[in-house]
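Let's take a friendly walk through a protein together. Have a look at the sequence and the 3D view, and then we will go through them step by step.

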Amino acid sequence: MADARLGQGPQPQAPFGQGQPATQQKQAFSQGSGQKRGSAPSTNARPTPVLFTGDVSTASLVGEFASGRILLAPLMEKWGERFIALPGNHDRYTSRSVRKQLFEEHFLQLPRSYPFAATLSEEVGVVGVDLSVAQTISSRGTASRAIINSAGAMVRKQRQKTPFVVVMGHYPLLYPKNVNFRWSHVLPIRDALLSELIDAGAGLYLHGHHHQRWAVRCSETPPMLCLNAGSSGMRSSTPVKQAGFLEIDIQEGRVHRITSCSLSYEDGSVIEEELPLSETCFPV
């Protein structure tokens, strides 16, 4: 999941379609929080993890983080420590939000340092990297050499525990050929981060930022999948841009199936479609 982009107001904008009643969103999260078709099987009977790659807020306001905590309560309560989230650029929108760690204090309600690692099952682990910084003009992130090296080291360490490692970050590293992007929204030196993650043996990079679900595969050997979870809070007539999320089925050290899940306008049900791989372009 990614990019809920909650805003303050009389009726908080809600995930699974902005502007819809918060009660409906809570029901959608509760109904969608069970084991579903396409979910990765659990070897230890624990719930399948939920990974959120940032932008629960729009302007890094305390009220937005508090609203996010309330609206995502069905997921956070059911999954507990297996609901894993990191901030996006809108969660680091101001210097104050970075300095006071507002995302961690008011949304996660726990301290967190980056990068971090967690073991999800006997076969799968996750590494989270914070690539977002306060920006007054653009929406660009940061990928310093120190961040890149730390991410690679964390992946290598986690692979000693689990053969397959998912890396979470907010910004895309690859784009499909048919997707337009703006210079002001990309991650600097993402080619270096991409190369480091491939060299470290990461199997999948999961992100958001661009509000469209997609799947692309790196051409390097060994290949690494790059998946965009899309937006969980935007309305669109295009299914891959409509509010929703991805379900990723990982079996025997590889991604077995990717399912794009979007919310129906008519009845609030979740529509599932297999997400195909797209041809990639590497933005400059």
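Are Tyr175 and Trp214 buried or exposed? Tyr175 is buried, and Trp214 is buried as well. Please keep in mind as you read that this is a predicted model.

A pair of aromatic rings is described by how far apart the centres are and by the angle between the planes. For Tyr175 and Trp214, the ring centres are 5.6 Å apart and the planes meet at 45°, so this pair is tilted. A tilted pair falls between the two cut-offs, because planes under 30 degrees apart count as stacked and those over 60 as edge-to-face. The pair also links distant parts of the chain: Tyr175 belongs to strand β6 (residues 175-176) and Trp214 to strand β8 (residues 213-217), 39 residues apart.

How many aromatic pairs does the structure hold? There are seven. Phe83 sits in strand β2 (residues 83-85) and Phe107 in helix α5 (residues 102-108), so their pairing ties together parts that are 24 residues apart in sequence. Both Phe83 and Phe107 are buried. These two residues also belong to one aromatic cluster, together with Phe52, Phe65 and Phe103.

Rings can have charged neighbours too. Arg112 lies over the face of Phe116, at 4.3 Å from the ring centre. Likewise, Lys78 lies over the face of Trp79, and here the distance to the ring centre is 5.5 Å.

Phe116 leads us on to the strands. Its bridge partner in β4 is Gly128. Strands β3 and β4 (residues 124-128) pair in the antiparallel sense, over four bridges. In general, the strands of a sheet pair through backbone hydrogen bonds, either parallel or antiparallel. Here, an open sheet of six strands runs in the order β3-β4-β5-β7-β9-β8, and its pairing is mixed. Its edge strands are β3 (116-119) and β8, each of which pairs on one side only. From one strand to the next, the twist averages 20°.

Now step back to the whole protein. It has seven helices and 13 strands. Of its 284 residues, 54% count as buried. Among contacts with a separation of 6 or more, 69% come from residues 24 or more positions apart. Finally, the protein exposes about 12300 Å², and carbon and sulfur atoms supply 51% of that area.

Definitions and conventions. Residues numbered from 1 in each chain as written. Predicted model: local features only at pLDDT ≥ 70, side-chain atom pairs only at ≥ 80, totals over all residues. Heavy atoms only, no water. Phe/Tyr/Trp six-rings, centres within 6.5 Å; stacked < 30°, edge-to-face > 60°. Helix = DSSP H or I, 4+ residues; strand = E, 2+ residues; numbered from the N terminus. Buried < 20%, exposed > 50% of the residue type's maximum accessible area, 1.4 Å probe, protein only. Lys NZ or Arg CZ within 6 Å of the ring centre and 35° of its normal. Contact = heavy atoms within 4.5 Å. Areas by Shrake-Rupley, 256 points an atom, 1.4 Å probe, with all protein chains shown as cover. Pairing = 2+ DSSP bridges. Axes fitted to C-alpha atoms, helices over the stretch in contact; angles between N-to-C directions.
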